[in-house]
Structure formats: structure tokens, C-alpha cells
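Here's a quick walk through one protein model, from its strands to a helix pair and an aromatic contact. Have the structure open while you read.

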Amino acid sequence: MRRKLVAANWKMNGDKAANSALLSAFVEGIDTQAMDAVVFPPAVYLDQVASALAVSGIRYGIQNVCAADMGAYTGETSLSMVKDFTADYVLVGHSERREMFADTNAVVVDKVKATLGAGLIPMLCVGETLEQREANQTETVVGGQIKAVLDAVGIDAFETIVIAYEPVWAIGTGKTASPEQAQAVHAYIRGLLAQASAAVAQKCRVLYGGSVKAASAQELFQQPDIDGGLVGGASLLADEFVAICQAAKGV
Ligand code: PGA
């Protein structure tokens, strides 16, 4: 039985006061006895999040990392810095990074490798654009994004790696994939992993992301291959995010 995981991707939003209010509400409202919750704040707020969540069961991580150890990489954040705040998750290959910051499959592979090497957990984001879906390329695109990592790190790493399937057309658009549409891709992803190892495929958590709301969460989380959610917009609203975590707990 895979434990459900719900992650908050704050993207480039927030300030100290708003974060503080959100974090208090998360600590108060989220019961991590029966599910895992993870918060991804902007890097500059990692210290604030680490302090606020220190005595809670809620974990946290960073939205992007540099694959290099240290040195002349102006503007970047290293894995050792992330570890300094006892964070344990790293978001890798979010579609916004793939689109706007040139995170190609090769770059994503380097970041996944470095994250695993540092003993942290990569949350690997994959997903197709609307044009790709309409051209029936969903499996080719998502399969290619996963195979690039699989070929580089091997199947056993997927006992650690969390996959987040996020159709690009559903991110921030209010258009959630239907539970059936999402389940079909999740089943495809698990099948792909199963070709390498049925046991690892059964253990690997595959989250859905793309306009997840409290109202849609439960039906999504009830699908057999959906193991939780990666939540953007709704993670900035305390009541919504707490309710989404509650939905994961209830399944
Ligand atoms: P959204 O974002 O929930 O606002 O669609 C999800 C994500 O980009 O991770």
C-alpha cells in the first residue's frame, strides 16, 4: 500500500507574513499520521519554512537546485545548502522550468542524479502540452521524460524518486484532467516502470498535478494509480490545501 503524498508548490509567491500564516494553518490542520505533506517554498524562505515546520510532521524542499556542488554559479542553490536546512525533497523538471529555464531532459537527469547522490528525494515532474495531447503524443512525451531518467539512474532509484504527472494544459488553468484521463497516464507510467521491475513499480509514488482543488482531490486520489497531488494555486490558500490533505488521508 503506497502512502499518499500531497505537496504544495508555492512557485514564486509569498512573503514572510503570508508564509507565516499559511504555515501555522498547515501545522494546525494537516494530520501527517496517515499521509505525507511536503511544502516547496521559494528558496529564500527555506529557513522560515524549516523553522515553522521543525516540530511538525510536514516535510519541505526546494523548487529547483543546481547539479554542481559549489562555486561560480551566480544565482544558483546547491544541494548542500538545501541539506543545511534539513530539507529532504527537490522538485526537478517542473514544466515551468522546462519551458522557461531550459531544463531539458539532460539537465533534469543531472539534477536527479545530484539529488539522489546527496541523499535527498527528487520529485520528478513530467507532462505533455495540449498540442502534444491533441497529436496523441502524451505517452511518447511522458515516456521519453521518464526513460531519460530511468536510463541514467536505473530502476532501483525509483524506490526513492517520486513522480509528479502534470499535464501542462492543466497547470494554473483551472482545467483539471478528469480522474479517468489522469488515471490512464498514471497507469501507463506505472506500466513503464514495471517493464524494468514490477516490485519497484508498485512502490513508486506517482502524484497528479494541474489545478487540483479541494473539490476535485478526493475523486482523483481514489484512482488506483494516483498516489497524491502536487498543488500550485490551491496551496496558497490554507483551507484549500488542508482540505486536499484531508482528502488524501481519507482515501
Ligand atoms: P496548479 O499548479 O495547481 O496551480 O495548476 C500545479 C503545479 O504547477 O505544480
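## Barrel and packing

Eight strands close into a barrel here: 8 strands in the order β1-β2-β3-β4-β5-β6-β7-β8, paired in parallel. From one strand to the next, the twist averages 25°. It's a predicted model, so to speak of local features takes pLDDT of at least 70, side-chain atom pairs count only at pLDDT 80 or more, and totals for chains, interfaces and linings use all residues. Residues are numbered from 1 along each chain as its sequence is written, and side-chain values use heavy atoms, with hydrogens and water left out.

On terms, strands (E, at least two residues) and helices (H or I, at least four) are DSSP runs numbered from the N terminus, and two strands pair if DSSP finds at least two bridges between them. Strands β6 and β7 run parallel and are joined by 3 bridges, with Tyr165 opposite Tyr208 in β7.

Now the helix pair:

| α1 | 16–29 | Leu22, Ala25, Phe26, Gly29 |
| α11 | 238–250 | Ala238, Phe241, Val242, Gln246 |

The axes of α1 and α11 lie 9 Å apart at an angle of about 30° (lines fitted to C-alpha atoms over the stretch in contact, angles from 0 to 180 degrees between N-to-C directions). The two helices are therefore roughly parallel (under 35 degrees).

Phe26 also forms a tilted aromatic pair with Trp10, 6.4 Å centre to centre and 50° between the planes (ring centres within 6.5 Å; under 30 degrees is stacked, over 60 edge-to-face, the rest tilted). Trp10 lies in the loop between β1 and α1, so the pair ties together parts 16 residues apart in sequence.

Technical notes: Parallel < 35°, antiparallel > 145°, perpendicular 65-115°, else oblique. Contact = heavy atoms within 4.5 Å. Phe/Tyr/Trp six-rings, centres within 6.5 Å; stacked < 30°, edge-to-face > 60°.
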